[in-house]
Amino acid sequence: MMTTELFWLTLTIALTASLWIPYIGNRIKELGPPSLAWFPLPDPPPKARWADRAMRAHNNAVENLVIFAPLVILVHLSGVSSHATETACMVYFFTRVGHYGFSIFGFPIPLRTVAFLVGVGCQMTLLLALLS
């Protein structure tokens with residue numbers, strides 16, 4: 001049976017795995033379909049500012065998934081699941097949605113930073129559950 005933590009991890013992985021789609025669509029719109037050259041030239045930066053922000057938000061999501069996923073798996077394997085760890089995993093997912101949305105739509109930095117820091121708090125909740 002899938003635990004609540006693993007359910008939210010699965011959704012977070014699916015989200016992170018799909019965040020590249022908007023900015024790659026923009027790359028194709030700006031540069032045309034990719035060529036079949038063996039050694040293509042590096043892509044120029046996106047002209048659309050939202051696409052650049054989307055690319056950076058996706059990178060941030062991947063970087064944080066590297067921390068979040070092992071914590072969730074360790075919580076599951078250690079059997080330290082609790083209401084706090086379940087809630088932390090759910091909140092983490094929605095902070096990643098918020099972070100991406102705040103980034104792509106160019107919201108002020110404090111909103112994006114708050115979303116990021118709430119996600120870090122969720123990671124710390126999982127870590128504390130493992131260490132206590």
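Search the whole structure for aromatic pairs and you get six, counting rings of Phe, Tyr and Trp (its six-membered ring) with centres within 6.5 Å. This is a predicted model, where local features need pLDDT of at least 70, side-chain atom pairs count only at pLDDT 80 or more, and totals for chains, interfaces and linings use all residues. Residues are numbered from 1 along each chain as its sequence is written, and side-chain values use heavy atoms, with hydrogens and water left out.

Select phenylalanine 68 and tyrosine 92: their rings are stacked, 3.9 Å centre to centre with 15° between the planes (stacked is under 30 degrees, edge-to-face over 60, the rest tilted). Phenylalanine 68 sits in helix H3 and tyrosine 92 in helix H4 (residues 83–104), so the pair ties together parts 24 residues apart in sequence. Helices here are DSSP runs (H or I, at least four residues), numbered from the N terminus. Both residues of this pair are buried (buried is under 20% relative accessible area, exposed over 50%, partly exposed in between, with a 1.4 Å probe and protein chains only).

Next, pick phenylalanine 93 and phenylalanine 94, an edge-to-face pair with centres 5.0 Å apart and planes at 80°. Phenylalanine 93 is buried at 12%, while phenylalanine 94 is partly exposed at 47%.

Now jump to glutamate 30 and arginine 27, whose side chains meet in a salt bridge at 3.1 Å, N to O (a side-chain nitrogen of Lys or Arg within 4 Å of a carboxyl oxygen of Asp or Glu). They are three residues apart in helix H2 (residues 20–31), about one helical turn.

Definitions and conventions
Helices (H or I, at least four residues) and strands (E, at least two) are DSSP runs, numbered from the N terminus.
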